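Please open the structure in your viewer and keep the selection tool at hand, as this tour goes from one stop to the next.

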Amino acid sequence: MQFKDYYKILGLDKSATSDDIKKAYRKLARKSHPDLNPDNPDAKVKFQELNEANEVLSDPEKRKKYDKYGKDWEHGEEFEKAQKQRRSQQQAYGGGGSNDFSDYFESMFGGGGRRASPRFRGQDFNAQLSLKLTDVLEERKQVLTVNGKNIRLTIPAGISDGQTIKIAGYGGEGRNGGPKGDLLITFSIENDTVFKRVGDNLYLTKNIDLYSAILGGDVIIETLTGKVKVKVPAESSNDSKIKLSGKGMPAYKKKGTFGDLIITFKIETPKNLTEEEKELFQKLAKLRNDGN
């Protein structure tokens with residue numbers, strides 16, 4: 001197995017922090033994404049190497065094993081178990097033995113056939129897919145190119161920012177007939193709407209004038225599925241809320257189920273009043289005061 005210097009792939013050295021790794025990956029992934037380099041056949045390979053390097057170095061445990069065991073880091077745990085067992089045998093029966101990982105690995109994978117080669121599962125691959133919030137209002141089909149292979153995805157409606165889904169069997173090749181790893185796709189969902197999303201619910205702030213707040217009235221609200229007329233209750237206070245059931249986001253993998261749209265009313269105080277308007281407000285204030 002050819003050694004891949006994951007630090008070099010990301011343009012870093014072993015002293016890199018987790019933030020350094022994250023920043024380097026994001027910068028290079030955007031630059032090398034196959035969709036942005038359709039005429040460059042090497043872009044797919046480069047992008048896969050970046051994903052592979054990030055998958056290992058961004059995980060503290062995997063990075064520790066990679067730094068210690070190099071290209072055979074995935075089998076470091078097996079070596080540690082075997083070494084522990086060997087020490088127990090040495091204590092019980094005496095005698096020496098090799099404590100070198102390379103010697104152990106050779107005995108496991110072709111160093112003289114001293115024992116049967118175990119099967120190892122392939123490495124998982126990580127990928128990121130960026131979508132807009134309006135892209136996930138309905139189930140969608142999309143083709144994702146990973147490691148030179150086109151993978152047809154069905155993306156459920158309502159998927160969340162930062163959510164990860166697993167595509168079984170699209171990771172690295174197994175060793176000695178072991179199963180392939182999986183492809184883990186993390187979604188980055190950009191909110192391209194005026195709403196704030198919290199789970200399946202959406203939130204919107206709507207300004208209303210003082211007169212509608214006092215007397216009641218109708219306002220037009222933009223929802224994900226179009227405009228609706230909403231009634232403002234008379235004597236509404238500032239920050240009062242109303243709920244439009246079923247006007248939120250589709251629930252993930254729950255077809256026909258939707259969150260709610262919660263609207264918060266903000267009352268706008270009238271400005272630049274005319275003398276006549278001031279007099280009317282003064283009369284209203286006097287009426288209120290006299291009534292109390």
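Predicted model: local features only at pLDDT ≥ 70, side-chain atom pairs only at ≥ 80, totals over all residues.

Begin by selecting threonine 134, which counts as partly exposed because its relative accessibility is 40%, where buried means under 20% relative accessible area, exposed over 50%, and partly exposed in between, with a 1.4 Å probe and protein chains only. Threonine 134 sits in the loop between β1 and β2 (140-146), and helices (H or I, at least four residues) and strands (E, at least two) are DSSP runs, numbered from the N terminus.

Residues are numbered from 1 along each chain as its sequence is written, and side-chain values use heavy atoms, with hydrogens and water left out.

**The largest pocket**

Next, select Tyr25, Ala29, Gln128, Leu129 and Ser130, which of the 23 lining residues lie nearest the centre of the largest pocket. A pocket is found on a 1 Å grid over the protein atoms alone, as an open set of points with protein on both sides within 12 Å along at least five of seven lines, whereas a cavity is a set of points where a 1.4 Å probe fits but cannot get out; lining residues have an atom within 4 Å of a point. The space in the largest pocket comes to about 670 Å³, a volume being the space filled by probe spheres set on the grid points, which are joined across faces, edges and corners.

Which elements each supply at least two residues of this lining? They are α2 (18-32), α3 (42-57), β1 (125-132) and β5 (183-190), and the largest share, seven residues, comes from α2. By class, the lining of the largest pocket holds eight nonpolar, eleven polar and four charged residues, where Ala, Val, Leu, Ile, Met, Phe, Trp, Tyr, Cys and Pro count as nonpolar, Asp, Glu, Lys and Arg as charged, and the others, Gly among them, as polar.

**The second largest pocket**

Now move to the second largest pocket, which has about 470 Å³ of space, and select Glu52, Gln123, Phe125, Gly172 and Glu173, the closest to its centre among the 24 residues that line it. Two or more residues of this lining come from each of α3 and β3 (149-155), and α3 gives the most, with four. The lining of the second largest pocket divides into six nonpolar, nine polar and nine charged residues.

**An enclosed space**

For the next stop, select His33, Pro34, Asp35, Phe47, Val143, Leu144 and Thr145, which line the second largest cavity. This cavity has a volume of about 50 Å³, and β2 gives the most to its lining, with three residues.

**Salt bridges**

The structure holds ten salt bridges, each being a side-chain nitrogen of Lys or Arg within 4 Å of a carboxyl oxygen of Asp or Glu. Select glutamate 55 and lysine 62 to see one of them, in which the closest N and O atoms are 2.1 Å apart. Is glutamate 55 buried or exposed? Glutamate 55 counts as buried because its relative accessibility is 4%, while lysine 62 is partly exposed, with a relative accessible area of 23%.

Then select lysine 166 and aspartate 182, whose side chains meet in a salt bridge with an N to O distance of 3.9 Å. This pair links distant parts of the chain, 16 residues apart, with lysine 166 in strand β4 (residues 164-167) and aspartate 182 in the loop between β4 and β5. Lysine 166 counts as exposed at 55% relative accessibility, whereas aspartate 182 counts as buried at 10%.

**Last stop**

Finally, select glutamate 235, in the loop between β9 (226-232) and β10 (241-244). Glutamate 235 is exposed, with a relative accessible area of 71%, and its C-alpha atom is 6.3 Å from that of leucine 215, 20 residues away in sequence.
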